[in-house]
Amino acid sequence: MEAQLDPMKDDLPLMANTNYMLVKHYILDLDVDFQSKVIEGIIVLFFETGSRYRKTSSTGKEGCRSQFDETCKIRASGPYHVPVTKVSACSSKTEYNDFAICGKGEEDISDKNGNHSNEEQASGISSSKDCCDIENHGKKDFLLVLDCCDLSVLKVEEVDVAAVSGIEKFTRSAKLTDDSKELENLRNQIVHELVTLPADRWKEQLYYFTCCSQAPSCGELLFTTDTWSLEIRKSGIKTPTDFPHAIRIWYKTKPEGRSITWTTDQSGKPCVYTMGSPINNRALFPCQEPPVALSTWQASVRTAAGFVVLMSGENSAEPVQLREGILSWYYYVTMPMPASTFTIAVGCWQEVKQQSFATAIQTNIEFSLPSSQVDFRWHEGICGHVEYPCRFQNPAARLQAVIPYRVFAPYCLVERCKEHLLQLIPQCLSAAYTTLGTHPFSRLDVLIVPSNFSSLGMASPHIIFLSQSVLPGGGHLCGTRLCHEIAHAWFGLAIGACDWTEEWLSEGFATFLEDIFWAKAQQQLSHDEVKAQQELKALLRWRRLRDEVQNSEEELQILRPKKESTGESSESGASVVRHGLKAEKIFMQVHYLKGYFLLRSLARTTGEASYLASLRKFVHKFHGQLVLSQDFLCMLLEDIPEQKESGLTVESIFQNWLDTSGIPKPLLEEGETWKECQLVQQVSGEVTKWIQTNQRIRKSSKKKRKQDEVIFQKVRHRWCELVVKQKYVPGYGDVEKFLREDQAMGVYLYGELMVNEDAKQQELAHKCFATARDHMDVSSAKVVAEMLF
């Protein structure tokens, strides 16, 4: 049992008591103010009683902890939901009409447009003084705990859902009385009936969520906030069953909030976006952060005309003018997902249009799935997840090789996106479909985010953020990164990890699949060329892993840091993410690389065709659910006899790959084999040639040097590495420009500037950091500061 949570440690606390109450739907109604750098408004949360108080769930499945024995029996994970609906001054009738216009969902897939225990918890989260003791009901008021940080909470109130016109259809008895206790029970009954409506009534469900969100208050609730949580109680309410199941929170964000970044785009226009930070969305809205809290959402966002609002949503929102100079954007999601996957970006984005409609149609035909590859994905079957309008059960969606997509960018990057990105998207989407089958999401927006974005890309439901750094790298860099992010639609979003410490289940799979997708997207390549390309990438990744293992803390190299406790939480549902607040962990790639090499090793044992068939089966079985490592490994070992014959077991994989630091033993033996690859030998020869060229440059004229400099700069980050390594002073301006414009790739370069102990280079590093610091991602700035000071 761990000690009580120390806020000075690097573990991220997940405070929400999800075992007592579980959010099923959020409705956000927000105003974005770029002058004050504040997002302000209302969030309405609809709850179900949690697993500790619920006799049976709607699906008969609870929790996400997989218990497995020698036969690898796997229990399916529990249901999940997320919020977002419109709360505005307009009538619910108007709201419903707006929804009917833009909420096409799956009907037109071609459309482009808190009780805590008094005992110390195993997770390291201590009990709250104000919570009731669940073993002695009635002694204290029940305390609802939400994850919350860097927010100003103004008011919390209970919503009188019983006051909504026509809501009687969701009650077992339409007769209302004046008895307050009976009214409280009736309100909670209405919410229960609403959140458990069948999937085919999703439009009606969203409409009534909207109506309920606009219902009057029936009393304010007591609340307090601390560093990591918002605690809410109602005087006299002792249990979660009796606690209000629909609450409205009035709040506003803070400019320094760690979930959102206020900055300017590459054209100098103001913008704001969620950054996928270690604290996820708790500085954007009060929520339940543990992965088990799967929910749906609706959101209305108002901002000044001229701005475009992009968001995780199934509809391609079109703005509605509320008054002169003010537009409103509305999005919704019907597939339950963790609140951490909610993403928003507001800026003066320009849509990058297709060259011609005929080109787009031809692309769809060219990359459609060959009929010879029809397999289990077409079979009608019962999904294992909680009920929602699932694309895997939609015949039209199952035939859709390329989902509708849009590209957005700052004005100054539109032409570059046309040149490098636009034509790659249908190729990569179709390659992913050919590999894994039905796209889990109905549409895709791709946004080129500002230069201070801290990584090359980030995937969220219906939207991908890409760094501008991938655009100058030609088709290969842009295409492989796009493939990586598209892979997250299946691994990381449609299938999530029960425990966030098992990041390899998302990043390892995406890294492995990016090679598979990219090979299929490059249809002109032969089998031997694809294999050579992948062998070269494997060697580069092996060297990167070796370097990272040599230069990082051992405890950060373990893919299952909680080991046998992975997936467990405290009695209330609270837990921690081990090392979740450690800034340097964000820039480590160990969970990408070790996960990739594990999957690559398993694929080599069985053969790629059999292995990919198992992946498709895994997707079919577990989409819409949360998993642990053993869920995948058990299914694979049972499904492919060759794996068992090789002596592999779940325990041996844990021991060799997931539960230990360093390079896995099976991988050490493989390191030398890649050197035999012809492409690797070709690259080695090219490196030798440029080393010799560099030596000649030092003896030649400045004119000659300028000619070769142009060649080098075609790959900017490699050029900057050479400038730093060779202390080539005329190239320092390029390094400065790179650190300013390519922050997603530049963090490591600060280390290179400092490690040489050259006064001019260290001065350059300090100068660049001083200029960029205020605009950098918080974690990036912290890591660089540790290098420099």
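1. The five-stranded sheet. Five strands make up an open sheet in the order β17-β18-β19-β21-β20, with mixed pairing. Strands here are DSSP runs of E with at least two residues, helices are runs of H or I with at least four, and both are numbered from the N terminus; two strands pair if DSSP finds at least two bridges between them. The edges are held by β17 (350-352) and β20 (457-460), each of which has a single partner strand, so one side of each is left without a neighbour in the sheet. On average, neighbouring strands of this sheet are turned by 25° against each other, direction ignored; axes are lines fitted to C-alpha atoms, for helices over the stretch in contact, and angles run from 0 to 180 degrees between N-to-C directions.

2. Basis of the note. The model is predicted: local features need pLDDT of at least 70 and side-chain atom pairs count only at pLDDT 80 or more, whereas totals for chains, interfaces and linings use all residues. Residues are numbered from 1 along each chain as its sequence is written, and side-chain values use heavy atoms, with hydrogens and water left out.

3. Three bridges join β17 to strand β18 (residues 405-409) in the antiparallel sense, and E351 stands opposite F408 in β18. Helix α7 (residues 424-436) packs on the sheet, where it touches β18 and β19 (444-448), and its direction makes about 135° with that of β18. Contact means heavy atoms within 4.5 Å.

4. Strand β20 runs antiparallel to β21 (residues 463-466), with four bridges between them; G457 has L466 in β21 as its bridge partner. The two strands β20 and β21 form a hairpin with two residues between them, and H462 in the turn has a positive phi of about 70°. From β20, G457 and A459 point one way and M458 and S460 the other way, and all are buried. Buried means under 20% relative accessible area, exposed over 50%, and partly exposed in between (1.4 Å probe, protein chains only).

5. The four-stranded sheet. A second open sheet has the order β10-β11-β16-β13, with antiparallel pairing of its four strands. Its edge strands, β10 (260-264) and β13 (308-311), each pair on one side only. Neighbouring strands of this sheet are turned by 15° against each other on average, direction ignored. Five bridges hold β10 antiparallel to strand β11 (residues 270-274), and W262 has V272 in β11 as its bridge partner.

6. Nonpolar cores. Which residues touch the most other members of the largest nonpolar core? They are I249, L421 and F632, in a core of 185 residues. Helix α9 (residues 504-521) gives the most to this core, with 10 residues. Another core, of 26 residues, lies apart from it and includes I42, V159, V195 and C212. A nonpolar core is a set of buried Ala, Val, Leu, Ile, Met, Phe, Trp, Tyr and Cys residues joined through side-chain atoms within 4.5 Å. Not counting residues up to four places away in sequence, F632 touches W504, F509, L599, L602, Y611, L615 and F618.

7. Aromatic pairs. The whole structure holds 24 aromatic pairs. One of them joins W504 and F509, which are stacked at 5.7 Å centre to centre with 25° between the planes; both W504 and F509 are buried. The ring centres of Y596 and F597 lie 4.7 Å apart with the planes at 65°, so this pair is edge-to-face. Y596 and F597 are likewise buried. Rings of Phe, Tyr and Trp (its six-membered ring) pair if their centres lie within 6.5 Å; planes under 30 degrees apart count as stacked, over 60 as edge-to-face and the rest as tilted. One aromatic cluster consists of F491, W504, F509, F618, F622 and F632.

8. Charges over rings. R541 lies over the face of Y596, at 4.4 Å from the ring centre. The charged end of R560 sits over the ring of F654, 3.7 Å from its centre. The criterion is NZ of Lys or CZ of Arg within 6 Å of the ring centre and within 35 degrees of the ring normal.

9. Positive phi in loops. Most residues other than glycine have a negative phi. K563 has a positive phi near 50° and lies in the loop between α10 (527-550) and β23 (575-577). At 32% relative accessibility, K563 is partly exposed. H579, also not a glycine, has a positive phi of about 60°. This residue is found in the loop between β23 and α11 (590-606), and H579 is buried, with a relative accessible area of 5%.
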